[in-house]
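Visitor: Hello! I am new to reading structures like this one. Could you walk me through its features?

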Amino acid sequence: EDFAVNNGFNTDLSPFEIGHYQTETLFQLNVKIDHWRGVQLSRLKTKEMNNFKSYFVIGKNWIDQNKKSVWAPYFWIKILNQIKDFTIKVGKKHFGDKCRLLQREYGHHL
């Protein structure tokens, strides 16, 4: 799907590459999980791990805390940078090189 602004002028901007970023992010998340040593029973306050739910809750907490460190640099920062680049290109297309301040403002408000 091509994400181009349609306001009366043609833009030949390439589409966003979200799929590639998702694939890379999931790969990095899998690497992080592969290096996880599992629930460290010796570090728990309560040593009783007598059902799956207890183990699952600890594992889920670990993944919830650690996925942020993967999603931010491998997905969200790249997506936001791509959106920023897109708005800059649209501003340049719309205003040419006539007024950089208007280009920036136009891109900012997209």
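Visitor: How many aromatic pairs are there?

Guide: Rings of Phe, Tyr and Trp (its six-membered ring) pair if their centres lie within 6.5 Å; planes under 30 degrees apart are stacked, over 60 edge-to-face, and the rest tilted. By this rule there are four aromatic pairs. One of them is the stacked pair of Trp36 and Trp62, with 4.6 Å centre to centre and 15° between the planes. This pair links distant parts of the chain, 26 residues apart: Trp36 is in the loop between helix H1 (18-34) and H2, and Trp62 is in helix H2.

Guide: Before we go on, this is a predicted model: local features need pLDDT of at least 70, side-chain atom pairs count only at pLDDT 80 or more, and totals for chains, interfaces and linings use all residues. Residues are numbered from 1 along each chain as its sequence is written, and side-chain values use heavy atoms, leaving out hydrogens and water.

Visitor: Is Trp62 buried or exposed?

Guide: Buried means under 20% relative accessible area, exposed over 50%, and partly exposed in between (1.4 Å probe, protein chains only). Trp62 counts as buried because its relative accessible area is 19%, whereas Trp36, at 27%, is partly exposed.

Terms used
Helices (H or I, at least four residues) and strands (E, at least two) are DSSP runs, numbered from the N terminus.
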